[in-house]
Amino acid sequence: MKKYSIYTILCLFLLLSLSIQAQQKCKAYRPFPFSLQYFEIAEDKEFIPSTLDDLRAHGVSNLWIRDCKSPKSNDIVKRFQMEGFKIDFMTHGHENFIRDEVPKVSVYDPKYEEVVRGNVKNGLAQLSQIAHPDYVFPYIDEPFHRKPFLDYSAATRAEFKRQYGYAMPKSFEEACKNPRIQLDFLNFQSLIFRDGWMKTAKIVHEFDPRVKIAITHDSHNVYGGGVNSNSQMAMDDVFYWGGDYADLFVYDIYPYLTFDYRYGETGVYRKPRMSQLHYTMAQLRNMTTTYGKKMGFWVGTYNKAWFVRFRGKERAEQFWSEREVLYTAIAGGADYIISPSDYMGHNLPVDQNHWDEYGRGMRIIQKEGAAITDAPKVKANACFLFPRTQYLLTQEEYYNVGLSYELFLRSFGELDILHENQITDDTLNGYQALVLCDVTLLPEKVAEHIVRFVKNGGTVIADCVPQLNENQKTSSIMNRLFGVDNVSIQRVKREGQWVPFVNLPAKYSFPPVNGVTDTNYLFDTWNAMQIVSPRTCKATEATINGYSKNGIPMILTNKVGKGNVILFGFCMQDTYFQACKTDDETTLNALYTQVHNAFAENGIISHIYSSNPEIEAGLRSSSETAYLFVINHETRTDNSQIFLRQLPGKVAKVIDVETSCPIDYICKSNGIDIDVNVPFGKTQLIKITYQK
């Protein structure tokens with residue numbers, strides 16, 4: 001009897017343990033955050049409950065709302081919350097400044113916080129009616145400074161004097177007469193926004209401690225594309241603002257639905273389609289990673305309420321575009337997805353074909369849910385420099401260089417952005433290789449750190465040798481590093497941003513005064529490659545490894561200490577763009593090979609690489625699980641071999657998330673290889689489990 005009682009107790013204990021484990025497993029699942037817009041329902045319409053089920057079936061976890069005031073809309077929002085949806089609250093901004101007006105009250109005025117407190121009290125009053133708020137967006141949408149509306153108020157001038165010890169210039173033009181003053185002035189004016197957000201964030205948290213704060217950043221003005229564009233100058237960038245004023249940083253760029261803000265002819269021919277998305281996302285990811293914050297992405301949708309001037313047959317037929325952008329964003333590190341729609345509680349949020357394919361893609365993501373966010377994007381072994389000082393002093397765009405970034409990303413497999421302000425020692429944040437494209441100016445301390453980085457065993461790959469320092473004076477530091485002299489930095493200068501309207505005449509936004517969007521192309525050939533913008537130089541210590549038809553050195557190498565530098569003798573972005581534009585497969589393949597070899601010959605290995613440059617492979621990984629995103633970027637060549645290296649553990653299992661079927665892989669000494677087939681317009685999510 002005693003034995004039976006003990007046996008019974010053990011069985012009950014085991015059953016209880018299994019029950020608890022099952023409950024914990026159930027509770028452990030968290031959806032990947034996906035927020036969809038809800039518009040106020042019209043008074044003559046009634047809520048259709050099946051639309052709620054439709055949103056859930058498409059992977060939606062949050063609704064984002066703005067100014068829902070009618071009782072009917074409030075009831076709908078409550079209904080969604082009761083069904084487990086979270087609510088994100090959008091505003092028109094409460095920090096008391098906007099892009100197109102001079103601030104009425106300076107951020108440094110003693111009255112500023114009082115004004116913001118009043119804005120928050122009125123603007124966020126509806127939060128008290130929301131039981132499950134997730135994120136609140138208390139700032140203006142897509143902030144950046146515009147040159148005509150800089151702050152010259154007494155309080156702002158006093159703060160400048162306090163920080164810098166001299167009177168603030170009376171105008172942008174006056175500041176630009178002296179490089180040091182120009183940098184001080186632009187850096188100070190840029191941080192006015194950050195200082196205002198810091199004060200606003202504190203007030204928002206005091207008003208409602210439940211909420212997390214989010215901000216939507218711009219698509220181009222804060223990533224090197226402010227000059228001759230909306231900002232009208234080079235001043236703001238997301239890394240310089242930092243990440244102390246929000247929990248979530250979201251941004252948007254719409255490579256299909258509108259345009260990507262490239263300058264000149266590169267914006268007319270929008271290939272490679274994802275170049276600017278990859279380039280700008282890498283900049284934002286650098287900031288959020290550095291500050292330990294979340295990154296989100298606005299996936300634009302083809303719906304009746306948004307992008308009306310761009311709606312047409314071509315975009316309607318690109319029903320796979322939302323899925324492609326969704327996977328590109330999450331592969332790039334996004335931990336939150338938000339989308340516009342015209343959903344009002346009784347209707348389809350997005351065009352049917354687009355909505356169905358978006359849902360198919362999101363359902364696969366939601367099979368894993370927020371477990372994907374627990375596996376961050378893997379830090380690359382190579383980085384691409386963003387030269388802030390050059391951007392500010394030259395007042396030239398550093399945005400089209402996204403094409404060079406794309407070339408190196410495809411050729412190597414992974415590539416992070418390193419902001420110039422992060423180069424404070426000789427380690428370069430632990431990267432093994434640094435890429436410099438169209439970098440013509442570097443502060444001397446930064447240049448000296450790069451030299452010592454190479455001497456200690458680092459690799460630098462460039463298509464241009466910086467010739468100026470922060471005083472805009474000639475500097476020979478980088479010439480000595482590369483072992484060259486008499487260096488050319490020419491490239492095609494481009495202005496105007498092509499706007500491909502459908503229901504209006506297409507046009508250049510911010511067209512150049514002289515009407516010339518692109519300066520003359522200079523051509524040369526190297527083996528079978530067509531070169532655009534060849535750059536002459538004289539080798540002093542460097543070894544020349546090839547000449548163009550016109551006798552210009554095409555690739556030069558120099559060993560310095562334990563490291564190496566490689567200099568290509570032509571502008572990467574110009575040559576790559578021309579090859580893409582003309583479908584010059586010979587030049588494209590040669591470019592990919594040359595860049596790939598520049599890394600390989602110096603022992604730089606990518607964690608991930610796709611043999612097909614038109615099929616992207618992105619890797620997120622924790623110490624236990626990895627997620628491999630495979631994305632077809634408009635190619636009819638469906639096959640690619642994916643090489644995964646330097647993984648944090650030995651692979652135990654590889655499965656296709658959609659089907660739960662195992663995937664074959666080949667074990668290598670330092671990783672695995674996987675053959676994939678992803679058709680045009682499709683994506684694949686692969687889960688890799690490491691051995692315990």
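**Briefing: E616 and its surroundings**

A polar contact of 2.9 Å links the side chains of E616 and H278. The model is predicted. In it, E616 is buried but has no salt bridge. E616 also lies among the residues nearest the centre of the largest cavity.

**E616 and its partners**

- E616 sits in strand β23, which covers residues 615-621.
- The side chain of E616 makes a polar contact with the side chain of H633, at 2.7 Å.
- What is the nearest side chain of opposite charge to E616? That side chain is K377, and it is 6.0 Å away.
- A salt bridge needs the charged atoms within 4 Å. E616 has none.
- Leaving out residues up to four places away in sequence, E616 touches H278, T328, A331, F629, V630, I631 and H633.

**The largest cavity**

- How many cavities of 30 Å³ or more does a search of the whole structure find? The search finds 7.
- The largest cavity has a volume of about 290 Å³.
- Its lining holds 26 residues. Nearest its centre lie H278, L409, G413, E616 and A617.
- Five elements are named as giving at least two lining residues each: α10 (275-291), α12 (321-331), α15 (402-412), β22 (608-610) and β23.
- Which element supplies the largest share of this lining? Helix α10 does, with 5 residues.

**The largest pocket**

- The largest pocket has a volume of about 940 Å³.
- A set of 36 residues lines this pocket, and R99, D141, E142, Y261 and R309 lie nearest its centre.
- The elements giving two or more residues to the pocket lining are β14 (497-499) and β15 (507-509).

**Backbone exceptions**

- Most residues other than glycine have a negative phi, and most peptide bonds are trans.
- The peptide bond between K271 and P272 is cis, with omega of about -5°.
- P272 is placed in the loop between α9 (265-268) and α10.
- N429 is not a glycine, yet its phi is positive, at about 60°. N429 lies in the loop between β10 (416-419) and β11 (433-436).
- F510 is found in the loop between β15 and β16 (523-526).
- F510 counts as partly exposed because its relative accessibility is 29%.

Terms used
Residues are numbered from 1 along each chain as its sequence is written. This is a predicted model: local features need pLDDT of at least 70, side-chain atom pairs count only at pLDDT 80 or more; totals for chains, interfaces and linings use all residues. Side-chain values use heavy atoms; hydrogens and water are left out. Helices (H or I, at least four residues) and strands (E, at least two) are DSSP runs, numbered from the N terminus. Buried means under 20% relative accessible area, exposed over 50%, partly exposed in between (1.4 Å probe, protein chains only). Lys and Arg count as positive and Asp and Glu as negative; His and the chain ends are not counted. A polar contact is a pair of N or O atoms within 3.5 Å; within protein, one must be able to donate a hydrogen and the other to accept it, and residues adjacent in sequence count only if both atoms are side-chain atoms. Contact means heavy atoms within 4.5 Å. On a 1 Å grid over the protein atoms alone, a cavity is a set of points where a 1.4 Å probe fits but cannot get out, and a pocket is an open set with protein on both sides within 12 Å along at least five of seven lines; lining residues have an atom within 4 Å of a point. Grid points are joined across faces, edges and corners, and a volume is the space filled by probe spheres set on the points.
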